[in-house]
Amino acid sequence: MNTSLSPAPDTPDRDLILKALAHPLRVEILGWLKEPERHFAGQEHPLSEGVCAGMFERCGLSQSTVSAHLAVLSRAGLITSRKVGQWVFYQRNEPRIQAFLQDLGARL
């Protein structure tokens, strides 16, 4: 049995993800991205492209707050971004989230 605290090469960086999830607003953002049809129905672009960064501001968040939280989630690998013209679209990184949950479940 491997008792090492360091993650295996194919395991997500738990500490980075746990730090990203430590802020309730970032957890809420992940929840919004899980159900974009429910939370961002007014977006002009297809939600299959992801959620445009500007849509988070409409939820009452400032641009600087949105940018900071999206950057933390992105660094942790919990979301992906794709730039299309002047727009940046965000989506949950489901494989990374599932790998983290499986790893955490195996260790607890």
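Asp 103 and Arg 107 both lie in helix H6, where four residues, or about one turn of the helix, separate them. The model in which they are placed is a predicted one, and the side chains of these two residues meet in a salt bridge, with 3.2 Å from N to O. This pair belongs to a network of salt bridges that links Arg 14, Asp 103 and Arg 107.

**Salt bridges**

- An α-helix has 3.6 residues a turn, so residues three or four places apart point the same way. Asp 103 and Arg 107 are four residues apart within H6.
- Asp 103 also takes part in a salt bridge with Arg 14, in which the closest N and O atoms are 2.7 Å apart. This pair links distant parts of the chain, since Arg 14 belongs to helix H1 (residues 14–21) and Asp 103 to helix H6 (residues 94–107), 89 residues apart.
- Another salt bridge joins Arg 38 to Glu 35, with 3.2 Å between the closest N and O atoms. Here Arg 38 counts as exposed at 62% relative accessibility, while Glu 35 counts as partly exposed at 35%.
- The count for the model comes to five salt bridges.

- Helix H2 spans residues 24–34, and its buried residues are Leu 25, Arg 26, Ile 29, Leu 30, Trp 32 and Leu 33. Because these residues cover an arc of only 160° around the axis, they are on the same side of H2.
- On the other side of H2, Pro 24 and Lys 34 are exposed.
- How do H2 and helix H5 cross, and at roughly what angle? The axes of H2 and H5 (residues 63–75) come within 10 Å and cross at roughly 80°, which means that H2 is roughly perpendicular to H5.
- Where these helices meet, Leu 25, Arg 26, Ile 29 and Leu 30 of H2 are in contact with Thr 65, His 69, Leu 70, Val 72 and Leu 73 of H5. The four residues that H2 brings to this contact, Leu 25, Arg 26, Ile 29 and Leu 30, are also among the buried residues of H2.

**The sheet**

- Three strands form an open sheet, arranged in the order E1-E3-E2, and their pairing is antiparallel. Strands E1 (51–52) and E2 (79–84) stand at the edges, and each has a single partner strand, so one side of each is left without a neighbour in the sheet.
- E1 pairs with strand E3 (residues 87–92) in the antiparallel sense over two bridges, and in this part of the sheet Val 51 stands opposite Tyr 90 in E3.
- E2 pairs with E3, also in the antiparallel sense, over six bridges, and there Val 84 stands opposite Trp 87 in E3.
- The hairpin of E2 and E3 has two residues between the strands, and in this hairpin Gly 85 takes a positive phi near 60°.

How values were computed
Residues are numbered from 1 along each chain as its sequence is written. This is a predicted model: local features need pLDDT of at least 70, side-chain atom pairs count only at pLDDT 80 or more; totals for chains, interfaces and linings use all residues. Side-chain values use heavy atoms; hydrogens and water are left out. Buried means under 20% relative accessible area, exposed over 50%, partly exposed in between (1.4 Å probe, protein chains only). The arc is that of the directions from the helix axis to the C-beta atoms. Two strands pair if DSSP finds at least two bridges between them. A salt bridge is a side-chain nitrogen of Lys or Arg within 4 Å of a carboxyl oxygen of Asp or Glu. Axes are lines fitted to C-alpha atoms, for helices over the stretch in contact, and angles run from 0 to 180 degrees between N-to-C directions. Angles under 35 degrees count as roughly parallel, over 145 as roughly antiparallel, 65 to 115 as roughly perpendicular and the rest as oblique. Contact means heavy atoms within 4.5 Å.
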